[in-house]
Amino acid sequence: MQISAFLDRKLSRRFKTYDTDGDGSIDRTDFETAVDRLGEAFGHKPDSAPLSRLRELALGLWAHLARVADTNQDGRISETEYKAAFAAGLLETPESFDAGYVPFLDALMDIADADGDGKLTREEQVRWTGALMNLPEPDAREVFGRLDKDMDGLLDREELLEAIREFYFSDDPRSTGTYLLGPLDPN
């Protein structure tokens, strides 16, 4: 798969959200830390069923990424390795992406959707993106406004999933998904 310059910028942004400690690489600890922070942000004990499910999925994602991207097998993935995995076909189609991502999104919603109505408020969106991906609050608030296409003040699973798909599969800089993780680096 050829990675466009635009997708390259988006992958750089996503890589930074994985790198919770800012050391320039991602490893299993980054995934564990992100899940722990999310649990704390929403008042879940480490052994709560929803948090345990998300942890299992996050560590499964880490294991998959490590298998396909950690080419030097040092237990860490550099940004170069991460992008090379995408070029090698890590995400082949939106459908195969959905098969892997929908369970993760469902587990996330089970934690972040406090009233269980299947929708996130702006505050819930700000909290989960800050805890899980270090998204600054002003960016998270802006993201919410862009993703809430029907402007009902809530985000449902479909609005989120559509934006996530667009983030990875659309080269349209005006697509909703472009801003999923906040502003992209200019170059």
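I looked up M151 and placed M151 in the loop between α7 and β4 (155–156), where helices (H or I, at least four residues) and strands (E, at least two) are DSSP runs numbered from the N terminus. The model is predicted, so local features need pLDDT of at least 70 and side-chain atom pairs count only at pLDDT 80 or more, while totals for chains, interfaces and linings use all residues. Residues are numbered from 1 along each chain as its sequence is written, and side-chain values use heavy atoms, with hydrogens and water left out.

I read a phi near 50° for M151, a positive value in a residue other than glycine. Most residues other than glycine have a negative phi. M151 counts as exposed, at 71% relative accessibility (buried is under 20% relative accessible area, exposed over 50%, partly exposed in between; 1.4 Å probe, protein chains only).

I then turned to N134, in the loop between α6 and α7 (137–147). N134 is partly exposed, with a relative accessible area of 38%.

Next I checked α6 against α2. Helix α2 (residues 28–41) and helix α6 (residues 122–133) pack at about 150°, with axes 7 Å apart; axes are lines fitted to C-alpha atoms over the stretch in contact, and angles run from 0 to 180 degrees between N-to-C directions. That makes α2 roughly antiparallel to α6 (under 35 degrees is roughly parallel, over 145 roughly antiparallel, 65 to 115 roughly perpendicular, the rest oblique).

I listed the residues in contact (heavy atoms within 4.5 Å): A34, V35, R37, L38 and A41 in α2 meet R127, W128, G130, A131, L132 and M133 in α6.
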